[in-house]
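Please keep the sequence and the 3D view open side by side while you read this note. Check each point on the screen before you move on.

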Amino acid sequence: MNNFITRAYNRFEIDHTKSTVTKISKEKRLCNEIQYYKFIPEELRVFFPTLYSDNLEDIGVNSVEYSMTLELCAYENLGNPFIQGYST
């Protein structure tokens, strides 16, 4: 059985020149994801894409959608080598 649970973002905007991806959504869960990135301990941030900007302070004032801009990490799923082991 192939059931996939996906995150329901309204849209992604990729800027290949700046190597960034912007997530934009009306869903509250994007707010939660922004908070998650903001509270990653300093010593663990090297393992996550860099959060460049967000609009949490503008919600309800200048915007009705959440947005965050992250470092674009255009890699294959790096979890697979850790689970399956590295191949040479």
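This is a predicted model: local features need pLDDT of at least 70, side-chain atom pairs count only at pLDDT 80 or more; totals for chains, interfaces and linings use all residues.

1. Turn to helix α1, residues 28-38. Leu30, Cys31, Glu33, Ile34 and Tyr37 are buried there. They span an arc of only 160° around the axis, so they sit on the same side of α1. Lys28 and Tyr36 are exposed on the other side.

2. What covers the buried residues of α1? The cover includes β2, β3 and β4. Show these strands together with the helix and look at the buried side.

3. Now the rings. A pair of aromatic rings is described by the distance of the centres and the angle of the planes. The model has three aromatic pairs. In one of them, Tyr36 and Tyr37 have ring centres 6.1 Å apart and planes at 90°, so this pair is edge-to-face. The cut-off for that label is over 60 degrees.

4. Stay with Tyr37. Its relative accessible area is 14%, so Tyr37 counts as buried, because buried means under 20%. Tyr37 also pairs with Phe48. The centres are 6.4 Å apart, the planes make an angle of 85°, and the pair is edge-to-face.

5. Where do the two partners sit? Tyr37 is in helix α1, while Phe48 is in the loop between α1 and β3 (51-54). They are eleven residues apart, and the pair links distant parts of the chain. Phe48 has 28% relative accessibility, so it is partly exposed. Tyr36, Tyr37 and Phe48 together make one aromatic cluster.

6. Next, the hairpin of β1 and β2. Strand β1 covers residues 11-15 and strand β2 covers residues 20-25. They run antiparallel and are joined by five bridges. Arg11 stands opposite Ile24 in β2. Four residues lie between the strands, and Ser19 takes a positive phi near 55°.

7. Last, Asn55. It lies in the loop between β3 and β4 (66-71). Is Asn55 buried or exposed? Its relative accessible area is 11%, so Asn55 is buried. A polar atom of its side chain lies 2.8 Å from the backbone nitrogen of Ser67. Leaving aside neighbours within four places in sequence, Asn55 is in contact with Ser63, Glu65, Tyr66 and Ser67.

Technical notes. Residues are numbered from 1 along each chain as its sequence is written. Side-chain values use heavy atoms; hydrogens and water are left out. Rings of Phe, Tyr and Trp (its six-membered ring) pair if their centres lie within 6.5 Å; planes under 30 degrees apart count as stacked, over 60 as edge-to-face and the rest as tilted. Buried means under 20% relative accessible area, exposed over 50%, partly exposed in between (1.4 Å probe, protein chains only). Helices (H or I, at least four residues) and strands (E, at least two) are DSSP runs, numbered from the N terminus. Two strands pair if DSSP finds at least two bridges between them. A polar contact is a pair of N or O atoms within 3.5 Å; within protein, one must be able to donate a hydrogen and the other to accept it, and residues adjacent in sequence count only if both atoms are side-chain atoms. Contact means heavy atoms within 4.5 Å. The arc is that of the directions from the helix axis to the C-beta atoms.
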